[in-house]
Amino acid sequence: MTAVQDGRATEDLKALAEQAGRDLEDASAQEILQWAADTFGKRFCVTSSMEDAVVAHLASRALPGVDVVFLDTGYHFPETIGTRDAVEAVMDVNVITLTPRQTVAEQDAEYGPRLHDRDPDLCCALRKVRPLEEGLKGYAAWATGLRRDESPTRANTPVVGWDEKRRKVKVSPIARWTQDDVDAYVAEHGVLTNPLLTDGYASVGCAPCTRRVLEGEDARAGRWAGRSKTECGLHG
């Protein structure tokens, strides 16, 4: 399928996504990704925060050499960069690293230091949302590792849906998985995971805005702790 993403073709893509979301609700993650690979080919990519490489691994089985897009915000833990490098070295994927238009130093010079403390929404917009929008321009569909059990804001995530903001098909093949499902897949296939996941972090983002979670907290509680903010803006 070669889809033109403007005019009538965009509406066709939206209808395709919505129909696939219904048809594939009960499909396995591998079946969902095989559908995406067969439908979009090289115009399909995976985005990864390098918290783990589960979706990248699944996608590589459906589309060997699949593009895996990683946002290097300049604020990542060293362990996250190391996970990216390991994924690139051992998996059948093509890692593409996106960077913001400004370095951290350039951003500090324009907006003042520690923007992430004073205006985390703006920091995320500059260092995550805008680079991703640029990086996804060549694709008709993208895959995420969103899961419904991660937080209330993700409880209704469709396995295939329509990204209205970016006008693209959004695939969340493990939306119905639990943490136990993820752990079982990692163990069965020896999938790379970020070392921080064994050091009290349940969700790994930028170092200044991520802490370990406490017992009983949901997986996203360590992100922007003490604030009402729960998402960086990549997913609404």
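**Fold and core**

Modeller: Over residues 49–211 the chain is 37% helix and 14% strand, with the end C-alpha atoms 16 Å apart. Helices (H or I, at least four residues) and strands (E, at least two) are DSSP runs, numbered from the N terminus. This is a predicted model, where local features need pLDDT of at least 70 and side-chain atom pairs count only at pLDDT 80 or more, while totals for chains, interfaces and linings use all residues. Residues are numbered from 1 along each chain as its sequence is written, and side-chain values use heavy atoms, with hydrogens and water left out.

Colleague: What does UniProt list for residues 49–211?

Modeller: The unreviewed UniProt entry has "domain: Phosphoadenosine phosphosulphate reductase" there. UniProt positions are given in the numbering used here, feature names are shortened, and annotations may be inferred rather than shown by experiment.

Colleague: OK, the sheet. In what order do the six strands come?

Modeller: S3-S2-S1-S4-S6-S5, an open sheet with mixed pairing. Two strands pair if DSSP finds at least two bridges between them. The edge strands, S3 (93–98) and S5 (160–163), each pair on one side only. From one strand to the next, the twist averages 30°; axes are lines fitted to C-alpha atoms, for helices over the stretch in contact, and angles run from 0 to 180 degrees between N-to-C directions.

Colleague: And S1, how many bridges join S1 to S4?

Modeller: Three, and S1 and S4 (residues 141–143) run parallel. Phenylalanine 44 has alanine 141 as its bridge partner in S4. On S2 (residues 66–71), S1 also pairs in the parallel sense over three bridges, and there cysteine 45 is partnered with aspartate 67. Between S1 and S2 the chain crosses through helix H3 (residues 54–62), a right-handed β-α-β crossover. Right-handed here means that, with the strands pointing away from the viewer, the path from the first strand over the helix to the second runs clockwise.

Colleague: Which way do the S1 side chains point?

Modeller: Phe44 and Val46 point one way and Cys45 and Thr47 the other, and all are buried. Buried means under 20% relative accessible area, exposed over 50%, partly exposed in between (1.4 Å probe, protein chains only).

Colleague: Which residues have the most contacts inside the largest nonpolar core?

Modeller: Trp35, Phe44, Val160, Val169 and Val171, in a core of 45 residues. Helix H2 (residues 29–40) gives the most to this core, with seven residues. There is also a second, separate core of eight residues, including Cys45 and Tyr139. A nonpolar core is a set of buried Ala, Val, Leu, Ile, Met, Phe, Trp, Tyr and Cys residues joined through side-chain atoms within 4.5 Å.

Colleague: What is valine 171 in contact with?

Modeller: Leaving aside neighbours within four places in sequence, valine 171 contacts Ile32, Trp35, Phe44 and Trp142, among others. Contact means heavy atoms within 4.5 Å.

Colleague: Switching to the loops, where is methionine 50?

Modeller: In the loop between S1 and H3. Methionine 50 has a positive phi, near 60°, in a residue other than glycine, and is buried because the relative accessible area is 1%.

Colleague: And arginine 167, what's phi there?

Modeller: About 60°, positive although arginine 167 is not a glycine. Arginine 167 sits in the loop between S5 and S6 (168–171).

Colleague: Why does arginine 167 count as partly exposed?

Modeller: Because the relative accessibility of arginine 167 is 27%.
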